[in-house]
Amino acid sequence: TDGRVWLWRLPPHERVAAGEVRPEWAPAQVGLVAAVGAPIRSAAMGPEGILALGTDAGRVVLLSARCRCAVGEYSLHDSAAVRGVEWRGASELISFSSAPAGGAGWRNRVVSLRLPSGAAREIFGSRGAEPAPLTALRLSPSGRRLVAVFKDAPFQVWDVPSRTQIGASFLAAFPAVSAIAWLPPAAAAATAAAAEVPAAAL
């Protein structure tokens, strides 16, 4: 919570007998990557070795594991804490925030950040107060679909390229879920389902 990011190197994998204890096994601290300057709320490592961090100050900070330095910083969520970040390939980052909007409501925002241009667009966001806070996002394996999970409210499915909500009337009657994950295409095919299917935990 102090805004610092440390890099550790784990020992190589070794086979050990059942019950064997290796007291000398310990990760090696390589060093301090960077000091972000604000408490870190979320993190995701990208395919090109870029670590995305969401901070309590509403910023998304990009750190390079190679140079151990900051390579980008973007203010995407005003002053609302960035509660989650997910990479959509190597050149796009999805982040979300949820903050009290006054009274008993919440302001939920999901933002797409294109790299290296830094162009940002809102996938969806509440202009007024919503009854439930956004608690999690899950991108489908292709990155085309997005599931938004809310506290004590039905989840939503969005088409990312068109920023369109899908199946709203059907999902409105669905009970709230505590966790959700996407079936990979191979598993979905084995169940004779569609190409991408979310599996919900009630």
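**Close-ups of a predicted model**

**View 1. P116 and its cis peptide bond.** P116 sits in the loop between β9 (106-114) and β10; strands here are DSSP runs of E, at least two residues, and helices are runs of H or I, at least four, numbered from the N terminus. The bond joining L115 and P116 is cis, with omega about 5°. This is a predicted model, so local features need pLDDT of at least 70 and side-chain atom pairs count only at pLDDT 80 or more, while totals for chains, interfaces and linings use all residues. Residues are numbered from 1 along each chain as its sequence is written, and side-chain values use heavy atoms, leaving out hydrogens and water.

**View 2. The largest nonpolar core, with 15 residues.** Such a core is a set of buried (under 20% relative accessible area, 1.4 Å probe, protein chains only) Ala, Val, Leu, Ile, Met, Phe, Trp, Tyr and Cys residues joined through side-chain atoms within 4.5 Å. V110, F124, L134, L137 and L146 touch the most other members. Strands that each supply at least two residues include β8 (92-100) and β11 (134-139). Beyond four places in sequence, L137 is in contact (heavy atoms within 4.5 Å) with E86, I94, F96, V110, L146, V147 and A148.

**View 3. D152, a non-glycine with positive phi.** Look in the loop between β12 and β13 for D152, where phi is about 55°. At 70% relative accessibility D152 counts as exposed, the cut-off being over 50%.

**View 4. R163, another residue other than glycine with a positive phi.** Phi is near 55° for R163, found in the loop between β13 and β14 (164-166). R163 is partly exposed at 38% relative accessible area, falling between the buried and exposed cut-offs.
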